[in-house]
Amino acid sequence: MDQHILHVKNLSVSFNKNKNKMTAVSDVSLQIDKGQTVALIGESGSGKSITSLSVLQLLPPNGQLEKGSITFKGKDLLKQSEKEMRRIRGNEISMIFQDAIASLNPGMKVGVQITEGLKYHKLVPKSDLKAEALQLLEQVGFKNPAHIYEQYPVQLSGGMKQRILIAMAISCKPQLIIADEPTTSLDVTIQRQVLDLIDNYKSDLDASVLLITHDFGVVAEYADWVYVMLGGHIVESADVYTIFKNPVHPYTKALIESIPNPEKSQERLKSIQDFTFEKVGYKGRTFAPETYTLESKSFNAPSSLVEVEPLHYVRFYDDERKVVSIG
Amino acid sequence: MNFSFRSYLKRLRSTILGILIISILPALLFGTNTQLEQNVWEYSIGEIKYQVFPDIFDKYQYSMTIFFLALLTSLFAALVLTFFTTLLPRFLQRIIFGFLTLLESLPDLFIVVVLQFSIIYIYKTTGLLVANVSNVYNNPIYLLPILTLSILPTIQLFKITLLLMKEEQHKPYVTVARAMGLSRFYITLKHVFRNILTSLVQYSKTIFVFMLSNLFIVEYVFNLNGIMNVLLNTKGVAFMFTALMIAVPFSLLFEIAESNTVSINNQEEEDAA
Amino acid sequence: MIMKLVRQPQFIIGVLFISFLLFFSFYWPVLLDVNKQESLKLMDFLYDKEGRIIDAAPFSPSQVPPVGTDLFGKNIFYQVIDGAKYTILIAIAIACLRILFSVGITLLNPRSSFSFLNDIVQATLYIPTAIIAYIFMSSLLMKHSMEPMSVMKLIVFQCAILIGIGVPPLISTFSREIKSILNKDHITNTFALGAKKPYVYYRHVLPELSTKLILLFAQQVIQTLILMAHLGVLAIFIGGSSTVVLGDIFTPIPVSIPIAGEWAGIIGMNFPKLKAAPWAILTPLAFFAVSIFALNLIIQGIQNCLETNKS
């Protein structure tokens, strides 16, 4: 178990809103090994971001960690004191957020913001902060770091801001980077640049990355292992080759089918409604087409992950497990 | 900062026109006054006659001293209070917020009168004179008017900063800072407060206008020799002159504040686009 | 909107308080079982059981419960209760007319920028409203003293001043508001589909403006109340006043007695003798404060409603 750098086990998170309890993440388990990039893929609202925020214990005040454990390098993060958690945040686990535009303080020079973590954790003496900042800026690909150092966030473009955020995240040399949809708010042309930066950092320091995304194209390129999330559950998990070769869960299939394929350009691009929910009649799988409504009771019916082939897990309803067979 | 002198002149022209209209409108509506024989640069309160010049400059200085010291006091008090409130638990914050709405409802007149009386009462019962309640001969009083004038703006600023704080604390950059392991205290001090101060600029106009009106009541009730009393009692040209003495510098302040907020808004629009 | 408002506790408390105050003000002689004339009579001296004079007016709250009397020995509490209806109704009427006039004027020419009014609004920022009102009122009273007019006419003129002072800022608010509504996409759409102007104003602009109107109305009532209190201190009373000279021959103190019994009048009348009878001024002021608080609660309720509408 200790070979995993991060091990999330049976995590459940719920929110209280107007006295109603809403479960956002239920029974999620995932592991990240050293030097691995693990992708967590799913539509918006499926609980990806909440999972990542609970790792850092930065849930919004009305969010509640119901049960489960989060182990990072053998330490149970849920049992750490706030002070210890602050040391871990930034220092050992850092996070890149999706909304680069709003994620920087508009009233502070970006150069100063990058080194805030270093200054706070006292990793670098105060006199070296600026040099360190310039070096970080260069590392994330700025040609003229001294100029960028003096800029305010409003003066930079979206892609530049995202690179600043990456510089900030890697400033303390963490072993795990959680990248929460780092490319969503960016132009397609810059997406690659940003992801490469993260990937380079990973391979340089043999760190691990938890890549949260809804884009299977990105997953195919960068991830080693994939978790597919839907409605707060993990519905399928396997290494990246297995997932693409042999997806079992209808939702995974739908996601893969919706990647544009230049060779089949005559066909209409598949979207989730068109594809799964009318034609395919899977029985026995949670969120199988006929049950794909969040309101329906069967959505919450007991289900569990089943190993359909070595290291390939798919979620099925408990009472229909016998139907399972691999085509 | 994109202050333009031209737009200030435009604002000034509009202000001067407005003051002109206000000062001649009563005469137009209700006929001219019979006191034509009276000197324009002379006004009377009760039986005593006063000359506008040269006392007006002293009075102006006196009023502005009170005004800006009160402004600074309330700004400082509001920020300190906000800071300590954010350290309190959530339900207490809510109680404080409700209490502020209650306090905000108190008319300025009420606060002035109550403060005056409590000081007289303290004096009567304990013999301790906390502050002079009215001008003693030629020694103008400062402490009490400044305190009185600063109470309501403090409440308003406190409420605004609390609201801004709440808004600001949920912004993504705070989460980012927390994800870097910075403590709440540090973030509040270094990031949030800084940004609140800049957003306070856009409320400056409301606060200033409100405080000018309060200044008048404070001067009237405490019977201070300030600029507002001159404004109240003069007519025609002298009134216009006094009003302009207030309007010219203040409109400059408003112009600067507005040019700043406009630029902030523009930037936000650019971001959105 | 209305249904949602009814569910806002703050709104309900505010409305209930104001209506209770009005109701009480109209029927207090019946409710408290006292004679109106008797309890509002002048009482120069206070007698003990044997008929000896113990004190001269003003009487303190301990001598005449609950809150003492004014300079003439009139019971302040009953005066304030009786004056509530005038004060609140005048304030509501003035606020209402301000809103009506300004919406009307704005709708006459919604695209105009009213530059003339804008000048006035700019100037009013630097001159407290009470001073502007005082300038107008004192000119009016000057005229009144030279060629007396009927009380009714005077009240109408005074109300016109109070209304007129509030209109220019409101017009600039409304024209800004209406312009922003007219610039919205769905309005352009409606025009593109061939709608007539009156139709668009009636069907689209006014409904969108309506919640804002209620909000502004409540704010205007508060502003009017405060303005009335300030004018009271400046000894300007709605309905005019008669001057009575108090004090002895050597130190005459002229005191203006308001003709109508509203709160501002009570404040203004007792203001020269502030130090002798603080309760006579604090009581109506406290009532002002509480009424304004009730109105603020109403505003809060409306704002809560608007926020939930948005989200």
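**Domains and chain contacts in a predicted model**

In chain A of this predicted model, the span of residues 6–256 is 37% helix and 28% strand, and its end C-alpha atoms lie 27 Å apart. UniProt lists these residues, 6–256 of chain A, under "domain: ABC transporter", in an unreviewed entry.

The domain assignment divides chain A into domain 1, covering 4–245, and domain 2, covering 247–327. The contact between these two domains draws on 16 residues of domain 1 and 18 residues of domain 2 of chain A. On the domain 1 side, the elements of chain A that supply two or more residues are helix H9 (216–222), strand S9 (225–230), strand S10 (233–239) and helix H10 (240–245). Of these, S10(A) gives the most, with seven residues. By class, this side of domain 1 of chain A has nine nonpolar, five polar and two charged residues.

A further contact joins the two chains, with 19 residues taken from chain B and 24 residues from chain A. On the chain B side, two or more residues each come from helix H6 (172–179), helix H7 (184–200) and helix H10 (236–272) of chain B. The element that gives the most to this side is H6(B), with seven residues. Sorted by class, the residues of chain B that form the side touching chain A are eight nonpolar, seven polar and four charged.

Conventions:
Residues numbered from 1 in each chain as written. Chains lettered and ligands numbered in written order. Predicted model: local features only at pLDDT ≥ 70, side-chain atom pairs only at ≥ 80, totals over all residues. UniProt positions renumbered as here; feature names shortened; annotations may be inferred. Helix = DSSP H or I, 4+ residues; strand = E, 2+ residues; numbered from the N terminus. Domains from an automatic or database assignment. Contact = placed C-beta atoms within 7 Å. Nonpolar A, V, L, I, M, F, W, Y, C, P; charged D, E, K, R; others polar.
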